[in-house]
Amino acid sequence: RPIGSRQDSTFEQRLDGMEEIVRSENALARSRAMLSWIDSLAPSEFQAAVERFRSLGLTDGRMGEYAMLLTAWADADPLAAMAYTTANTSGGIATSTVLTAWASRDPDAAISWAKSNHSGDGPNPHMVGIIRGLVETNPGRATELLQNLPYSRERGEALQAMIPHLMKMGPESAKAWIAGLEDKQLKDGAIGRLAEALASEDPAGTAAWLLKNLNDTSARSVDNVFQTWGQKDMAAALDSLDQLPAGETRGRALRGLVIVEARQNPEAGAKLMNQYPADVDDQMVQHFIWNSFAKAPEIAVSQIARMVNPERQNRMYERALDAWLDRDEAAAQRWIDSAELPASVVERLAQRNQP
């Protein structure tokens, strides 16, 4: 019979059986056994089970099993589960897991609890888990709750929880859902997040849609959308980049493509920055260096001179040259000897070489 089953076992022995299950390295067998073990619990036994689980120090590595246990407790006795997680856990993950399960089964009760256990005018953090639980079963109500949240980290988390559902709706329906949002700031954030999610399926169409609907928040997604596009069709992405007017948007698009080239062909990435010098900023140079250094350290460090901010430039020289000297001292020293470096960098390198 399953480890930790009720027959001929004390509860303590069954808890030992649960520990044996979660310490197993076979993920599939672990999940199957855990589900069977949870089915053996009475409502009054869940708290002790959760306490034993948490005492093992495995919650990060066994988050799936922990979520199973909390979800089952939410089904059996949501009020007891909420009382325990709010009093004994931090970070909100456990409480949110319970609320998600509760809201999917009894949204009115879960919402009532969330409202009665929040005070003040700030965002209600409990609504994130509830929205996550309602996305599949009642997306209209989830949308209503989302729009009632003020601009905040919590609203961003709730919006992100809705993205998988929007993807299932299909691009046009998802875009229509966004168009129906009343809050302009929320709509702008949704455009950016959906664009990043859709880019892998239709990078050209997604980029065109994003560029037509840019605002403060959605503009931040241009980098990622063009990066995804560049990975799939660099020629088409470069053609679109070339048609953009100079400015922040083209700079962001360029940064996404430079990152792709830096990883695959650092020389091509450097040439791409040479084509659009007015759009190159310190952040772009940093991304190029981070992504090209492992493959081509000489090309990477040669771009540091592009950086405008002296402090950032010096820090980048320090980190990159130290790493290169540790990896290949001869090659790094040859480059250093041939380069025109800032006096502060030369001085620091001299100190590094002192015995």
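1. Ground rules. In this predicted model, local features need pLDDT of at least 70 and side-chain atom pairs count only at pLDDT 80 or more, while totals for chains, interfaces and linings use all residues. Residues are numbered from 1 along each chain as its sequence is written, and side-chain values use heavy atoms, with hydrogens and water left out.

2. Helices H6 and H7. H6 spans residues 93–105 and H7 spans residues 107–116. Helices here are DSSP runs (H or I, at least four residues), numbered from the N terminus. The two axes come within 6 Å and cross at roughly 135°. Axes are lines fitted to C-alpha atoms, for helices over the stretch in contact, and angles run from 0 to 180 degrees between N-to-C directions. H6 and H7 are therefore oblique to each other. The cut-offs: under 35 degrees is roughly parallel, over 145 roughly antiparallel, 65 to 115 roughly perpendicular, and the rest oblique.

3. Who makes that contact. H6 brings Leu 99, Trp 102, Ala 103 and Arg 105. H7 brings Pro 107, Ala 109, Ala 110 and Trp 113. Contact means heavy atoms within 4.5 Å. By class, the residues of the H6 and H7 contact are seven nonpolar, no polar and one charged. Ala, Val, Leu, Ile, Met, Phe, Trp, Tyr, Cys and Pro count as nonpolar, Asp, Glu, Lys and Arg as charged, and the others, Gly among them, as polar.

4. Helices H17 and H18. The axes of H17 (residues 266–275) and H18 (residues 282–292) come within 11 Å. Their crossing angle is roughly 170°. H17 and H18 are therefore roughly antiparallel to each other. H17 contributes Pro 266, Gly 269, Ala 270 and Met 273 to the contact, and H18 contributes Met 284, Phe 288 and Ser 292. The residues of this contact are five nonpolar, two polar and no charged.

5. Gln 303, which touches both of those helices' contact residues. Gln 303 sits in the loop between H19 (297–302) and H20 (310–327). Leaving aside neighbours within four places in sequence, Gln 303 is in contact with Ala 270, Met 273, Val 285 and Phe 288. Gln 303 is buried, at 9% relative accessible area. Buried means under 20%, exposed over 50%, and partly exposed in between (1.4 Å probe, protein chains only). Gln 303 and Ala 237 are 66 residues apart in sequence and 23 Å apart in space, C-alpha to C-alpha.

6. Asn 309. The loop between H19 and H20 also holds Asn 309. Asn 309 is partly exposed, at 28% relative accessibility.

7. The largest pocket. Its volume is about 340 Å³. A pocket is an open set of points on a 1 Å grid over the protein atoms alone, where a 1.4 Å probe fits, with protein on both sides within 12 Å along at least five of seven lines; lining residues have an atom within 4 Å of a point. Grid points are joined across faces, edges and corners, and a volume is the space filled by probe spheres set on the points. Of the 15 lining residues, Gly 156, Leu 159, Gly 189, Arg 193 and Thr 217 are the closest to the centre. H10 (153–169) and H12 (184–198) each supply at least two residues of the lining. H12 gives the most, with six. The lining has three nonpolar, seven polar and five charged residues.

8. The second largest pocket. Its volume is about 290 Å³. It is lined by 15 residues, and Gly 91, Gly 92, Ile 93, Ser 96 and Pro 125 lie nearest its centre. H6, H8 (126–134) and H10 each supply at least two lining residues. By class, the lining has four nonpolar, seven polar and four charged residues.

9. Arg 155. This residue is in H10. Arg 155 counts as buried, at 4% relative accessibility. Not counting residues up to four places away in sequence, Arg 155 touches Leu 146, Leu 149, Pro 150, Asp 183, Gln 185 and Leu 186.

10. Gln 47. This residue is in H3 (residues 46–55). Gln 47 is partly exposed, with a relative accessible area of 37%. Not counting residues up to four places away in sequence, Gln 47 touches Trp 73 and Tyr 84. The C-alpha atoms of Gln 47 and Ala 81 are separated by 7.6 Å, and the two residues are 34 residues apart along the chain.
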